[in-house]
Each structure stands twice: as structure tokens, then as C-alpha cells.
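Good morning, everyone, and thank you for making time for this. I would like to walk you through one structure today, and I will take the charged pairs before I turn to the strands around them.

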Amino acid sequence: MSAPAASGASQPVDHEIGAGLRRLRRARGLSLVDLAARTNLSIGFLSQIERGLSSPTLRVLVGMADAFGVGLADLFPNGAPPQDQPATIVRGADRSELQLWRSGIRKHLLTPLSESSKLNLYMVELEPGASTGDELYTHQGEEAGLVMQGAMLLKVESESWTLLEGDSFRFLSSRPHCFANAAEGETRVLWVTSL
């Protein structure tokens with residue numbers, strides 16, 4: 001995948017994510033004022049995200065998911081709605097993808113969407129230079145993963161590690177953390193989250 005577009009540009013994925021966030025906020029009966037109070041984000045910034053004028057970071061999205069009381073998987077665009085019978089498989093061609101193009105991060109949802117499930121599996125692809133940013137963030141749940149290709153810098157509280165292909169990790173998501181690609185090429189991580 002190519003490098004992120006110029007910082008002033010907006011992408012179709014931003015409009016798709018924003019529209020989904022607006023639908024979810026309205027379905028929860030929340031105003032932008034309510035959501036701003038729950039996420040510590042400005043009303044103006046939230047409005048720009050909903051209108052597709054700003055591209056949210058992973059840190060912003062997990063904060064919004066927590067505010068809505070849902071998992072990050074519920075924010076993926078084009079995800080099939082949960083059905084009466086929980087799905088058991090996801091075909092490779094039917095995966096939902098969350099593209100955080102400004103951050104250089106793509107998350108592919110590998111598990112079926114389910115309102116009752118608290119466990120999700122992702123393939124996270126990090127472009128060269130990709131990062132969640134220097135600011136540590138927290139959210140609900142627990143996460144674990146395995147570096148499949150490349151190298152990843154993982155910071156959890158005051159500790160940091162460079163994980164190479166074959167290395168794995170696990171930590172409570174309530175511990176402040178961030179991560180970045182530590183390789184010259186793309187890094188791929190099999191990532192599990194639970195609420």
C-alpha cells in the first residue's frame with residue numbers, strides 16, 4: 001500500500017467510518033455533547049470525524065468504542081450486521097477492514113461480528129513508519145498478539161520492547177500503551193482483543 005495521502009486530504013474511508021459512528025451515536029441516543037464528555041474530545045473534532053472531514057486515529061476509535069459500550073470490531077465499515085444465529089466463519093474475501101490511512105495502519109477483522117462475543121481476532125498491517133502515536137492510550141479489555149512479519153515496537157506503561165517475527169505479547173488494555181512499526185518494510189501482527 002502506498003504512503004498516506006497529504007494531511008489535508010480526506011479519503012472515502014473517512015466518510016464511511018464517520019457515517020457509521022454517527023449512526024451508532026444516534027442509535028445510543030447520545031448527542032455530540034454527551035459523546036464529547038465521555039471521550040474527552042471536542043465537539044468540533046467529533047463533528048468533523050462524523051462528516052468525514054477528519055481521519056480518526058486508532059486511539060480515538062478505541063475511546064469512542066468504549067464510550068458506546070462496544071468493541072472496536074463494531075466500528076468497522078461494511079461489516080455484516082449480527083444475525084439471529086451467530087456466524088461461525090469469515091471467508092477471506094468477506095473480511096471487514098478498518099483503514100487508518102493517516103496512521104499507516106490497516107486492521108482486518110478475522111472473526112464474525114457478534115453482539116454476544118467479547119473476543120475478536122485481527123490481522124494488523126503496519127506500513128513503514130506506521131504508529132498509533134507517541135501518546136499512550138487505554139481502553140477496556142485485554143489484548144494479545146503474534147508478530148507474523150517484520151518488527152513492532154510495543155510500549156506498555158514505562159516499558160518498551162521491539163518484537164520480531166515469532167515474538168508474542170499479552171497485556172491488559174487498561175494499561176497505557178502504544179505501538180509502531182519497527183521495520184523498514186511492512187509489519188503484520190495477528191492480534192486478539194477481548195472485552
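Please keep in mind that what you see is a predicted model. Let me begin with Glu-157, which forms a salt bridge with Arg-175, where the closest N and O atoms are 3.5 Å apart. Glu-157 sits in the loop between strand E5 (151–156) and strand E6 (159–164), while Arg-175 sits in the loop between strand E7 (168–172) and strand E8 (177–181), so this pair ties together parts that are 18 residues apart in sequence. Are these two residues buried, partly exposed or exposed? Glu-157 is partly exposed, with a relative accessible area of 42%, and Arg-175 is partly exposed as well, with a value of 27%.

As a general point for those new to this, side chains of opposite charge can pair when their charged atoms come close.

In one of them, the side chains of Arg-106 and Glu-125 meet with a distance of 2.6 Å from N to O. Arg-106 belongs to strand E2 (residues 105–109) and Glu-125 to strand E3 (residues 119–126), so the pair ties together parts that lie 19 residues apart in sequence. Arg-106 is buried, with a relative accessible area of 8%, and Glu-125 also counts as buried, at 11% relative accessibility.

Arg-106 also meets Glu-127 in a salt bridge, this time at 3.3 Å from N to O. This pair links distant parts of the chain, since Glu-127 is in the loop between E3 and strand E4 (142–149), 21 residues apart from Arg-106 in strand E2. Glu-127 counts as buried too, at 6% relative accessibility. If we follow shared partners, salt bridges join Arg-106, Glu-125, Glu-127, Glu-186 and Arg-188 into one network.

How much of E3 is buried? Six of its eight residues are, which makes E3 a mostly covered strand.

How values were computed
Residues are numbered from 1 along each chain as its sequence is written. This is a predicted model: local features need pLDDT of at least 70, side-chain atom pairs count only at pLDDT 80 or more; totals for chains, interfaces and linings use all residues. Side-chain values use heavy atoms; hydrogens and water are left out. A salt bridge is a side-chain nitrogen of Lys or Arg within 4 Å of a carboxyl oxygen of Asp or Glu. Helices (H or I, at least four residues) and strands (E, at least two) are DSSP runs, numbered from the N terminus. Buried means under 20% relative accessible area, exposed over 50%, partly exposed in between (1.4 Å probe, protein chains only).
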